[in-house]
Amino acid sequence: MASVDSFQLLYGEISRSCNPYFETLALIGALYAARRAVILLRDCCTLVRVHFLPRIIPSKKLTQRFGDWAVVYGAAEPVAKAYAEELARHGVSIIFVTRDDSSIRGTAATVSQSYGVEAVVILADFSLDQAAGNLIKEAMRGKDIGFLVNCVEAVASPQSLVEMPEQSLLDLVNKNVAVATLMTRLVLPGMLERSRGAVVNISSGACAKPLPGRVTLTAATGYMDHFSRALHLEYSGKGIFVQSLTPFQIASSERQPSSSSPPGWFVPKPEVYARHAVSTLGVSNRTTGYWPHTLQYGLMTRIPEWIWVLGSRVLIS
């Protein structure tokens, strides 16, 4: 009995001595909870502002805001092709730049017939020499180029760096990094003369975290994302809007490892994604372009790096 009384007395003394600290800890906890609530409210407001309000509130036509023509590089990718068709639906004429016109000619004809706009296909192989740039300059001459769309080429299947053939690696870096940068260099001067235009770089949500077997994709998308942000910082004050689009899995696209998944809420069809993405033009310079993907991106970026790496290794093993 005496031991119980002694324990209660000791507990009472400790409680009284620690009481000021309890109040301090409670205050810190309340401040942290308030901070997280404010961040959550801010993120919700951003989600509504970027993805919902532009689709509800009418705005000026894209041709009036940016220009009458768009240059699209990488249209062999389903998402880039769908983005070009969505621009055409808004009355924008298209210049397709490609190394192989076999899959683009039909798209150009469909775009022209369906939406009553002009569609031009330019064969340009930058791996041969810089003369390809002259072809593009000639095609743009006298045209009000308001859009440039660069799209990262997806990697067909997960493959480690040492398994990738050297020539394939050089081609991938050339198309996804060097040519996309050069295309921007070719189109940007005309936009600056007119003090308006939009540069849209479509990469992947893979830039958020490293993915196993996707070293080259992660690196290329990371470059395009940072390239876009740097361009926007440098030229946004001169009337040029630069946007980095970082989508996750899109149906009929091999942009993510499980590309065979059927279309759904988190795996939109290319045309559905393009419709959402185009609505964010002029609103956000860095976005996934599709609000369910924004939820995915927010969740991914909040996972600590060590947990992400550990989980990736467990999945690989």
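In which sense, left-handed or right-handed, does helix 6 pass helix 7? The answer is reached at the last stop of this tour of a predicted model.

Begin with strand 2, residues 93–98. All 6 of the 6 residues in strand 2 are buried, so the strand is largely enclosed by the rest of the structure. Display the side chains next. In a regular strand, side chains alternate between the two faces of the sheet. Here Ser-93, Ile-95 and Val-97 lie on one side, Ile-94, Phe-96 and Thr-98 lie on the other, and both faces are covered.

Centre the view on Trp-69 to find Ser-93 of strand 2 opposite. Selecting helix 4, residues 78–89, together with strand 1 and strand 2 shows a right-handed β-α-β unit.

Proceed to strand 3, residues 119–123, which runs parallel to strand 2 and is joined to strand 2 by 5 bridges. Select Val-97 and its bridge partner in strand 3, Ile-122.

Finally, select helix 6, residues 131–140, and helix 7, residues 166–194, whose axes come within 11 Å and cross at roughly 35 degrees. The crossing of helix 6 past helix 7 is right-handed. Show the contact residues: Gly-133, Ile-136, Lys-137 and Met-140 from helix 6, with Met-183, Leu-186 and Val-187 from helix 7. Coloured by class, this contact displays 5 nonpolar, 1 polar and 1 charged residues.

Conventions:
Residues numbered from 1 in each chain as written. Predicted model: local features only at pLDDT ≥ 70, side-chain atom pairs only at ≥ 80, totals over all residues. Heavy atoms only, no water. Buried < 20%, exposed > 50% of the residue type's maximum accessible area, 1.4 Å probe, protein only. Helix = DSSP H or I, 4+ residues; strand = E, 2+ residues; numbered from the N terminus. Pairing = 2+ DSSP bridges. Right-handed = clockwise from strand over helix to strand, strands pointing away. Axes fitted to C-alpha atoms, helices over the stretch in contact; angles between N-to-C directions. Left-handed = near helix turned anticlockwise from the far one by under 90°. Contact = heavy atoms within 4.5 Å. Nonpolar A, V, L, I, M, F, W, Y, C, P; charged D, E, K, R; others polar.
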